[in-house]
Number of protein chains: 2
Amino acid sequence: MSDDQRFGLARHVILPGPLKLDGGGALAPVEIAYETYGTLNADRSNAILICHALTGDQHVASTHPMTGKSGWWTRLVGAGLPVDPARHFIICANVLGSCMGSSGPGTIDPVTGSPYAMRFPVITIRDMVRAQAMLLDHLGIERLFAVVGGSMGGMQTLSWPATFPERVGAVVVIASTARHSAQNIAFHEVGRQAIMADPNWRGGAYYADGAPPAAGLAVARMAAHITYLSEAGLTEKFGRRLQARDAKSFGFDADFQIESYLRHQGLSFTDRFDANSYLYITRAMDYFDLAEEHGGTLANAFKATRARFCLLSFDTDWLYPTAESRAIVHALNAAGAPVSFVELKSPFGHDAFLLEAPEMNRIIDGFLRAGEAR
Amino acid sequence: MSDDQRFGLARHVILPGPLKLDGGGALAPVEIAYETYGTLNADRSNAILICHALTGDQHVASTHPMTGKSGWWTRLVGAGLPVDPARHFIICANVLGSCMGSSGPGTIDPVTGSPYAMRFPVITIRDMVRAQAMLLDHLGIERLFAVVGGSMGGMQTLSWPATFPERVGAVVVIASTARHSAQNIAFHEVGRQAIMADPNWRGGAYYADGAPPAAGLAVARMAAHITYLSEAGLTEKFGRRLQARDAKSFGFDADFQIESYLRHQGLSFTDRFDANSYLYITRAMDYFDLAEEHGGTLANAFKATRARFCLLSFDTDWLYPTAESRAIVHALNAAGAPVSFVELKSPFGHDAFLLEAPEMNRIIDGFLRAGEAR
């Protein structure tokens, strides 16, 4: 394996577009930042697209350039792992609307010469998928061996066979849902209101002076972060344990470990993420309703595809609980699509898919190898 | 029944104190705003103290002076209801730290002549209960027939027999807990950070110029409000239904009904509640751990009392789930205290205790009448 294969190739492409959008407009040009791992084989049949979650990025298995942390899915993607650069040509692209190099509100609008900010069009999960398809066209990949994603990444993987039924052979959907619930929307709306309430937000036009709405974004992240963890997991990890000074301050400093943990999560997030991108991507997630896009019947979304499906949920995930995966499985059954579904046990709530999960890895490995054996 | 009995008597008293506080200091004087309904009987044996929740007030069964809305517990307290001014002398006092007339951060500090703001001492649930006991002393009531409360009101009712074992005969604890969990603390911390991130907060010193941190307080309320409702209840009430214009805006206005509902909840809250009070009361709730106050064993809290207990939880309450009530019941059993416990079915989550709940009313009515028959 070359160094490139091991660490991923950071790439960036400006495609002419236009990319037609669900909201009615079009985007041109379309910038896409992505990484690849491994080598495309001769018959171009080994490409796996990894789709990232709300605050994820293309650095799925390589070091994040800003935080210096290792890739966000090194437990699944890497040598000897289910998604393996030795066997697969792995692509992970920063989603449309994000802030890691793909077109988003922080991108320069060629018309004005300054960042789009809130003039960036509101996009959908399907728009993200269409942008990924444009990237595949650019790479000369007609058909994906598989598309794999968790959380919002799972929404994209579900949208793939619905939008491009001929272009994907296997679909792995982890800890995800076919539509955002009222509670999902509610939590996102709190986050958006926190950002917009920050006077530094200024209608999104904060790029010029280096004073972004960091306080609002931190609060948004804190609220969201609670939904990524289970109540039992929080109790196990933090309980009511106090900080080092070991006594209540009878003040408003972070007395409890959970408080300083959350504050840290909020603050560190603002170093690596753009507040406007947070608005746009949460909006795309809230708009997501795969059934609605197909006449109100989820099964219709899968009628045209011959892809195989693998669905995984976690028993303590209350953001996208198992019932949401089960609804997708029922729709796949109704559509006659082959699907395997497992609810995994984990104390870690929604975040479980990013953590050590040997059973998840075994299932995905078996599912992918079954496709390779054909 | 006189008009006074029907509508409640709004009262306000300034007690000299000092009120010794768990945080080490003392408060003097101690202002308490309260309402009473009904008449204290000759042997002073029919007094029921109603304890209110985080954002509640003393107007349990009478019109709120600022919002014009009827009392917050008119479904439980009133003529022909389980807590009935025809039989009971009903007292409801605004808790210490609040903003409806009892001593809190918005109260004038007699030392400085200006509002305490963040110089107000950090208080505990037990401090609230001690202030209520001072009020009872003032009213000449040695012993409560019963103390009744839900949510944070339930924390106070639990603290009553633990703090004043001889002064209460019956304890009704609804949708509550004996300690705040890591997840409970986490949600409150998000709210506090939202308030403190609002530049109008200014370290709490915002009373002079009529520019309170309303945006931050609204976000805090929105985040908290989600925890008061069940996922299923939100889905039933709002689902993914759009606002009147019936189409997605592909913008950031409130497209979904749940969004505008939450925004309204946040905004209207800022008309009636003080941001600093929100900080102080959430802190008191987060500090609440009745076992910790009694050597780490919850049963110890109830060893000295002869009170009867009635505990109620709701199956869809994920803020203080049934398991929390069950832990209290186990402790009461261990302490040899008589307790009846019922988990009620409701689609409405934590808020169920404030809504129409005939089964809850039947149980409380029976529990209170059993005490009166003695």
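This is a predicted model: local features need pLDDT of at least 70, side-chain atom pairs count only at pLDDT 80 or more; totals for chains, interfaces and linings use all residues.
Which residues does His350(A) touch, not counting residues up to four places away in sequence?

**Stop 1**

Show chains A and B together. Rotating by 180°, with 0.0 Å of shift along the axis, superposes chain B on chain A at an RMSD of 0.0 Å. The two copies are thus related as by a two-fold rotation axis. Now colour the interface residues: 100% of those in chain B are also interface residues in chain A, so the copies meet through the same surface.

**Stop 2: helix α2 of chain B**

Next, select residues 125–139 of chain B, which form helix α2. Among the buried ones are Ile125(B), Met128(B), Val129(B), Leu135(B), Leu136(B) and Leu139(B). Arg126(B), Asp127(B) and Gln132(B) are buried as well. Step just past the helix to Gly140(B), where phi is positive, at about 75°.

**Stop 3: the annotated active site in chain A**

Move over to chain A and select Ser151(A), Asp317(A) and His350(A), which an unreviewed UniProt entry annotates as "active site". They are spread over 200 residues of sequence, yet they cluster in space, with a largest C-alpha distance of 10.5 Å.

Zoom in on Asp317(A), in the loop between β9 (308–314) and α9 (322–335) of chain A. Its relative accessibility is 3%, so Asp317(A) counts as buried. Leaving aside neighbours within four places in sequence, Asp317(A) is in contact with Ala175(A), Gly349(A) and His350(A).

**Stop 4: His350(A)**

Finally, centre on His350(A), in the loop between β10 (339–344) and α10 (358–372) of chain A. Is His350(A) buried or exposed? With 2% relative accessibility, His350(A) counts as buried.

Now for the opening question. Beyond residues up to four places away in sequence, His350(A) touches Ser151(A), Ala175(A), Thr227(A), Tyr228(A), Asp317(A), Leu319(A) and Tyr320(A). Two of these names, Ser151(A) and Asp317(A), also carry the UniProt "active site" annotation. To finish, draw a distance between the side chains of His350(A) and Asp317(A): they make a polar contact at 2.9 Å.

Terms used:
Residues are numbered from 1 along each chain as its sequence is written. Chains are lettered from A and ligands numbered from 1 in the order in which they are written. Side-chain values use heavy atoms; hydrogens and water are left out. Copies are superposed by least squares on the C-alpha atoms of residues with pLDDT of at least 70 in both. Contact means heavy atoms within 4.5 Å. Helices (H or I, at least four residues) and strands (E, at least two) are DSSP runs, numbered from the N terminus. The expected span of a helix is 1.5 Å times one less than its number of residues. Buried means under 20% relative accessible area, exposed over 50%, partly exposed in between (1.4 Å probe, protein chains only). UniProt positions are given in the numbering used here, feature names are shortened, and annotations may be inferred rather than shown by experiment. A polar contact is a pair of N or O atoms within 3.5 Å; within protein, one must be able to donate a hydrogen and the other to accept it, and residues adjacent in sequence count only if both atoms are side-chain atoms.
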